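Keep the sequence and the 3D view open as you read.

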Amino acid sequence: MGRSLLPLLLLSSQLGFLQALQCFQCQRINASGVCETGESVCQAKGNQQCFLRKVYKDDTLSYGYQGCSSVCSPMTIFYMDVALEDKCCNDSPFCNKF
Ligand SMILES: *[C@@H]1O[C@H](CO)[C@@H](O)[C@H](O)[C@H]1NC(C)=O
């Protein structure tokens, strides 16, 4: 590691609380918005953001997924009678509320 990087690294770890972005994490949220499996909190690192995916079937909310993700593009994908709606945010902690 370059000598000049060290102070920067220390500084950024001290300022870490300013950048710390916490997100809801849940492997499966049911249609009522209740997390059924894998409920926790994740810490977005590097270029990660809070991520929320909603899955619709026949225009009805079927289930969802929350977490931290570095590969996230806000979009909606339609596939036959299923729609996936992805959202990403990093403007406030827990912004990926279902
Ligand atoms: C979601 O889960 C909660 C708690 O298990 C349950 O009460 C509710 O009926 C579920 N909703 C659906 C749509 O399955």
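What is the accessible surface of the protein chain, and what percentage of it belongs to carbon and sulfur atoms? The surface comes to about 6900 Å². Carbon and sulfur atoms hold 55% of that surface. Bear in mind that this is a predicted model.

**Overall fold**
- The protein chain contains two helices and seven strands.
- Read from the N terminus, the order of elements is α-α-β-β-β-β-β-β-β.
- The chain has 98 residues, and 24% of them are buried.
- Take the contacts with a separation of 6 or more: 52% of them join residues 24 or more positions apart.

**Around the ligand**
- Asn 30, Ala 31, Ser 32, Val 34 and Glu 36 are the residues around the ligand.
- Asn 30 places a polar side-chain atom 2.3 Å from an oxygen atom of the ligand.
- Ser 32 has a polar side-chain atom 2.6 Å from a nitrogen atom of the ligand.
- On its own, the ligand has 360 Å² of accessible area, and the protein covers 37% of this.

**A closer look at Lys 54**
- Lys 54 belongs to strand S4, which spans residues 49-57.
- Lys 54 is buried, yet it has no salt bridge.
- The nearest side chain of opposite charge is Glu 85, 4.9 Å away.
- Beyond its neighbours within four places in sequence, Lys 54 is in contact with Leu 61, Tyr 63, Gly 64, Ala 83, Leu 84, Glu 85 and Phe 98.

How values were computed
Residues are numbered from 1 along each chain as its sequence is written. This is a predicted model: local features need pLDDT of at least 70, side-chain atom pairs count only at pLDDT 80 or more; totals for chains, interfaces and linings use all residues. Side-chain values use heavy atoms; hydrogens and water are left out. Helices (H or I, at least four residues) and strands (E, at least two) are DSSP runs, numbered from the N terminus. Buried means under 20% relative accessible area, exposed over 50%, partly exposed in between (1.4 Å probe, protein chains only). Lys and Arg count as positive and Asp and Glu as negative; His and the chain ends are not counted. A salt bridge is a side-chain nitrogen of Lys or Arg within 4 Å of a carboxyl oxygen of Asp or Glu. Contact means heavy atoms within 4.5 Å. A residue is near a molecule or strand if one of its heavy atoms lies within 4 Å of it. A polar contact is a pair of N or O atoms within 3.5 Å; within protein, one must be able to donate a hydrogen and the other to accept it, and residues adjacent in sequence count only if both atoms are side-chain atoms. Accessible areas come from the Shrake-Rupley method with a 1.4 Å probe; for residues, only the protein chains shown count as cover.
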